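Visitor: I would like to learn how to read a few features of a model. Where do we begin?

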Amino acid sequence: MDKKELYDRALTAAEHSYAPYSGFHVGAAVLTEDGSVYTGCNIENASYPAGICAERTAMAKALSEGHRKFKKIVVAARNEEGEQPAAPCGICRQFIFEFGDDIEITFGPDRDHLQSMTIADLLPEGFRL
Ligand code: THU
């Protein structure tokens with residue numbers, strides 16, 4: 001599945017976003033090594049730090065089904081003004097980095113202006129035990 005298709009899947013996943021506090025609706029689509037796609041959205045909470053980002057929701061869905069090898073993650077976001085760029089936050093970068101250096105991360109303001117880089121480029125000197 002190519003990046004634009006994954007972006008479409010991510011944007012659709014953002015429809016399920018629970019974001020009453022920020023109004024920023026995020027979706028993510030994860031492509032595993034065997035070609036499976038898992039999607040997720042951000043889920044906020046009245047206790048703000050208890051919320052979770054779309055990327056970690058999607059990764060957790062794949063991980064909890066046994067996947068450990070990931071090829072790509074595409075992020076899409078929108079607010080009341082329309083689609084928005086959303087690069088993964090620092091916590092998500094570290095979360096993703098756990099599973100490999102060369103996972104390709106894609107985001108952009110819309111499906112025709114996507115940019116991609118590896119997680120190692122997004123998180124230089126990421127932490128490993
Ligand atoms: N958020 C994500 O889900 N992923 C990102 O890449 C950036 C931020 C969420 C967290 C919060 O629910 C909302 O966007 C605003 O920060």
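Guide: This model is predicted. Begin at one residue: Glu-125 sits in the segment after α4 (119-122).

Visitor: Is Glu-125 buried or exposed?

Guide: Exposure is read from relative accessible area, and over 50% counts as exposed. Glu-125 has 80%, so Glu-125 is exposed.

Visitor: What is the backbone doing there? Which value does phi of Glu-125 take?

Guide: Phi of Glu-125 is near 60°. That is a positive value, in a residue other than glycine.

Visitor: Now the surface. Which residues make the nonpolar surface patch?

Guide: Tyr-18, Tyr-21, Ile-43 and Tyr-48 make a patch of about 450 Å². Take Ile-43 as an example. Ile-43 is placed in the loop between β2 (37-41) and α2.

Visitor: Why is Ile-43 called partly exposed?

Guide: Partly exposed runs between the buried limit, under 20%, and the exposed limit, over 50%. Ile-43 has a relative accessible area of 38%, so Ile-43 is partly exposed.

Visitor: How does the lining of the largest pocket divide by class?

Guide: Eleven lining residues are nonpolar, three are polar and three are charged.

Conventions
Residues are numbered from 1 along each chain as its sequence is written. This is a predicted model: local features need pLDDT of at least 70, side-chain atom pairs count only at pLDDT 80 or more; totals for chains, interfaces and linings use all residues. Side-chain values use heavy atoms; hydrogens and water are left out. Ala, Val, Leu, Ile, Met, Phe, Trp, Tyr, Cys and Pro count as nonpolar, Asp, Glu, Lys and Arg as charged, and the others, Gly among them, as polar. Patches are made of residues with over 30% relative accessible area and no salt bridge: like charges are joined within 9 Å, nonpolar side chains (Val, Leu, Ile, Met, Phe, Trp, Tyr) within 5 Å. Accessible areas come from the Shrake-Rupley method with a 1.4 Å probe; for residues, only the protein chains shown count as cover. A salt bridge is a side-chain nitrogen of Lys or Arg within 4 Å of a carboxyl oxygen of Asp or Glu. Helices (H or I, at least four residues) and strands (E, at least two) are DSSP runs, numbered from the N terminus. Buried means under 20% relative accessible area, exposed over 50%, partly exposed in between (1.4 Å probe, protein chains only).
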